[in-house]
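Subject: Structure for your review

Dear colleague,

Please find below the structure that I am handing over to you. My notes on it follow.

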Amino acid sequence: MKASRRAPIKDGLRESALFQRRAIAGFAIIVALLATLAVRFVYLQVVRHDEFSTRADQNRIKLRPIPPARGLIYDRNGVLLADNTAAFRLEVIPEQVKDLDATLEALGSVVPLSAEEVKRFKEQRRNRRGFQSLPLRFRLSEDEVARFAVNRWRFPGVDVVPYLTRNYPRGAEFGHLVGYVARIDENDLDHMDMGRYAGTTHIGRTGIERYYEELLHGEPGYERVETNADGRALRILDRVPPKPGQNLYLSIDIGLQEVTEAAFEGRAGAAVAIDPRNGEVLAMVSVPSYDPNLFVNGISFSDYRALTGSSEHPLLHRALVGTYKPGSTIKPFMGIAGLELGVRRATDTVLSTGEFHIPGQDRAYRDWRRGGHGRVDLIESLAQSVNTYFYSLAMDMGIDRLAGYMGQFGFGSPTGIDLNGEGSGVLPSREWKRGMFNKPWFPGETVIAGIGQGFWVVTPLQLANAVSILAAHGQRYPVHLLRATQLGFNAPVEPVTLSPPQLSFIHNDANWEAVRDGMIAVVNGPTGTANKVGAGATYVIAGKTGTAQRFSRTGDEVDTHGLDDAQRHQALFVAFAPAQEPRIAMALVMEFGASGSHDAAPLARKILDHWLAPEGQTP
Amino acid sequence: MIDSLLQAAAATARRQLRRPRLDHALLWALLLVAAIGLTTLYSAGDQDLGLVLNQGARLLLGGILMIVISRIPPATLRNWSPWFYCISVLLLVAVALMGEGRGAHRWLDLRVVRFQPSEMLKLSMPMMVAWYLHARQLPPSWLDLLAVGALIAVPAALIAKQPDLGTALLVAASGVFALFLSGLSWWRIGSLVGLAGAIAPVAWHYLHEYQKNRVRMFLNPEADPLGNGWHIIQSEIAVGAGGIFGKGWHHGSQSRLEFLPEHTTDFIFAVFSEEFGLIGVCILLLLYIFIIGRSLWVAANAKDTYSRLLAGAIGMSFFVYVMVNGGMITGLLPVVGVPLPLVSYGGTSAVSLLSGFGVLMSIHAHRKLLRD
């Protein structure tokens, strides 16, 4: 066996034949296997072609939202109050960044990033999908844009994106009224239509910007872009343009607003002026204010501290939510109530002795003049602001009729102006007190309600609205700021259609005229509390002063001993003019003022002059 | 003296010239594949002409090497075989001890040239196995099988350890094919396959983690679409999106937009499939089948056992390239770094492949003539 296995003679022909058989077998196997491969190609390229073709396109084509340009905001004359300016921001697509922390750190050496920006970015990241780009920094300077462009290759998934940023050219003047937009945060995401806000980074946060967010925002467009594996857009395939938001024209008059704000000279207070013929708000001022531009791209911590830490509360929109005792400014409304309800006739008189008593009670309710004003009728009571007349009127009317009638002027409920978060004030009534304190009503509370004290609280807007209703003979127009809209820059300006006024609730013109004459006497009569204010006016002002004890908005007790009048009192003034055919009605509150006649009324004169004096603009 | 020498030289030259040096059919097929390769490379490399010229130069170098090798008679090659094998294995050991490379130890820096000794084995392995079996009684006995097994396993293990699974596979395959062609009986082949199946779980244990991951993701690529499976999915998308007629030259979005990884090297077949479609794929596969078939035909006509086994092994190894690469880009096989022969960008594989065909040409030139 061994010998045969070691046989040196090889059979060449046999081996050759063996090889040929093997070569054929091997070739057959190879062809079979390559045929399998070919079948796999057929499977991918024919059977599943459509699927893979789609996936290749999905790979390649991304739908990119184009945010709409936000509508602009103008005053009634077309003066710009909020516009959009071109800027650059830094955006990150988290999915395409391998090491986010390292990237952010490296990025910081190219474009400075504050800790706040990084923190905000990370917070946003948590709730968004990885392929969505997130803004990291807004308003890059030209220098920063250039520096990033040079270093861009180092940062896949990071890009500089041009965008429009909101700008408020008037700054603090319209901080409260126009408000501001701010970056969309996690709370917004809950109640937002993500489709409509695709690509949008800001949303109206306060003021008109918030209330008319729907109109201002517009509809986003889309573009289909071809992107590479890094997500960089290489070319645009097609594009559906966005529909820009509507431009808004407010009823505000920039001149009147400026004059009104200037009149305060920086002292805390608020003023609202309304056109009684249609309910348009002509001016709405709250002092002090703040620069809304600070909020647009995220306010810095120190700026925010400065605003919230100030004792003057600049963030508070006093005209809208500030609460003040109306004091004597309520007297014209009491007067018309007395006449219209038949409790008094215009000629009825009351004897003012300096003190008023509820029958059977010891407590004295005082007049502001020691010793009283003597026998006075309605007109004289308004002119001199005689408390006793209104004490007894309130007693005779009773709280129920008083509250019911005053409700028609809008006291105790929001005016429904086109701003969010309006305060409703307090119109004292039995029901209100029971609901609030679960206590019965006392007659003394009716007495002081007659002169706008006690529980009674109003917002400056409410007070101005009530004056406007009075000026319009009891016709109630919806108070509003939006005057007209415009769908695009070439589109016509469309006036806003408003619901018609409710039917007047003042039935007897003579009653109205009596109250008006009383208010004219306040400003023009020899005994009027503000009789210096009317001097030299080319039109007739009907007004009423008011002075109220200050009280703390926060509710804590303030020790008023040792403070002078200006620190203890709030000064108010309400007016409409011209008295015959009113074109403007207003209310003004000074938080620190000795009296309405000294501190509030002269300011009102400046404001009315601007609107009504011959050299002033007319609407 | 001089006259007779000159006469002898002239006679040799005449004899040499009468025998066709190169097999024209095989040569044309190789040229065609190389032309397709350069065309595809121009598109896959973002129309970078420099890349194409670079690859063209390498192919030219490989072609020159092929012609030079084709002049060496198979008998000389046979005598060199053991030395060539020993040197390449020694270099492999040297690389293992002091080699350098990006992460993987593959390269040997000889100051003048840097090269991968593992590439040498693609040729020295079948030469060695053929040399060994040439002197034996065929079909090989169990003892021969064991010896050949050792000859194959040692370098293959060294290469796999580098780690370079693809080359290890090609090297081992070239040896195994020589064994197969020597007439190893079917039942022994069957029992060896059975043994391999039994060893596989043990081998798995010794694989590098990245190699294990490649196998894992091959089994389920969609499980991790952004990580390891990404390559396979993007490649399948490219192939599938090509359809029957392809998207056309330069119009393959998958590679142009860089969704395909390694689109000039290991995944160039996917670019080709996307741009030229099923028709292009079939033409290319038929060309490859022709090259393999022609190589086996050359082998069958070879003069002796050594030449037969060597030529056959080289031809069949060519198949492994095509199958492993094609299987990878279509998701049929795991991702193993094997280039598509003569198409993928890269000098080493082009040079070693064409050297192999040089050997084939030499065997063809010294084939059995009718007179013999």
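Two residues are taken to be in contact if their C-beta atoms, placed from the backbone, lie within 7 Å. Please bear in mind throughout that this is a predicted model.

By that criterion, 34 residues of chain A are in contact with 42 residues of chain B. On the chain B side, at least two residues each come from helix H7 (165-181), helix H10 (229-242), helix H11 (253-256), helix H12 (268-300) and helix H13 (305-329) of chain B. The largest share, 12 residues, is supplied by H12(B). By residue class, the side of chain B that touches chain A comprises 24 nonpolar, 15 polar and three charged residues.

H12(B) also packs against another helix of chain B, namely helix H2 (residues 24-44). The angle between H2(B) and H12(B) is about 165 degrees, and their axes are 10 Å apart. Angles over 145 degrees count as roughly antiparallel, and the two helices H2(B) and H12(B) are therefore described in that way. The crossing of H2(B) with H12(B) is left-handed. Among the residues that H2(B) brings to this contact are Leu26(B), Leu30(B), Val33(B) and Ile36(B), while those from H12(B) include Phe272(B), Leu284(B), Leu287(B) and Phe290(B). Glu275(B) and Arg294(B) in H12(B) also take part. In total, the residues of the contact between H2(B) and H12(B) divide into 16 nonpolar, two polar and two charged.

Turning to chain A, there are 23 helices and 21 strands. Of its 619 residues, 43% count as buried. Among contacts in chain A with a separation of 6 or more, 74% are between residues 24 or more positions apart.

Five strands form an open, antiparallel sheet in the order S12-S11-S21-S20-S19 (chain A). Its edges are strand S12 (280-287) and strand S19 (542-549) of chain A, each of which pairs on one side only. From one strand to the next, the twist averages 10 degrees. Strand S11 (residues 269-275) of chain A is joined to S12(A) by seven bridges, and Ile274(A) stands opposite Val281(A) in S12(A). Helix H20 (residues 460-471) of chain A lies across S11, strand S20 (569-577) and strand S21 (584-590) of chain A, and runs at about 150 degrees to S21(A).

The loop between H20 and strand S17 (482-486) of chain A contains Tyr477(A). Is Tyr477(A) buried or exposed? Tyr477(A) has 21 C-beta neighbours inside 10 Å; a residue is buried if there are 20 or more, so Tyr477(A) counts as buried. Leaving aside residues up to four places away in sequence, Tyr477(A) touches Asn278(A), Gly279(A), Ala472(A) and Pro501(A). Asn465(A) is 12 residues from Tyr477(A) in sequence, and their C-alpha atoms are 9.1 Å apart.

Finally, I would draw your attention to helix H16 (residues 387-397) of chain A. Because 10 of its 11 residues are buried, H16(A) is largely enclosed by the rest of the structure. The buried residues include Tyr389(A), Phe390(A), Tyr391(A), Leu393(A) and Met397(A). After H16(A) comes Gly398(A), which has a positive phi, near 85 degrees.

Yours sincerely

How values were computed. Residues numbered from 1 in each chain as written. Chains lettered and ligands numbered in written order. Predicted model: local features only at pLDDT ≥ 70, side-chain atom pairs only at ≥ 80, totals over all residues. Buried ≥ 20, exposed ≤ 12 C-beta atoms within 10 Å, placed from the backbone. Helix = DSSP H or I, 4+ residues; strand = E, 2+ residues; numbered from the N terminus. Nonpolar A, V, L, I, M, F, W, Y, C, P; charged D, E, K, R; others polar. Pairing = 2+ DSSP bridges. Axes fitted to C-alpha atoms, helices over the stretch in contact; angles between N-to-C directions. Parallel < 35°, antiparallel > 145°, perpendicular 65-115°, else oblique. Left-handed = near helix turned anticlockwise from the far one by under 90°.
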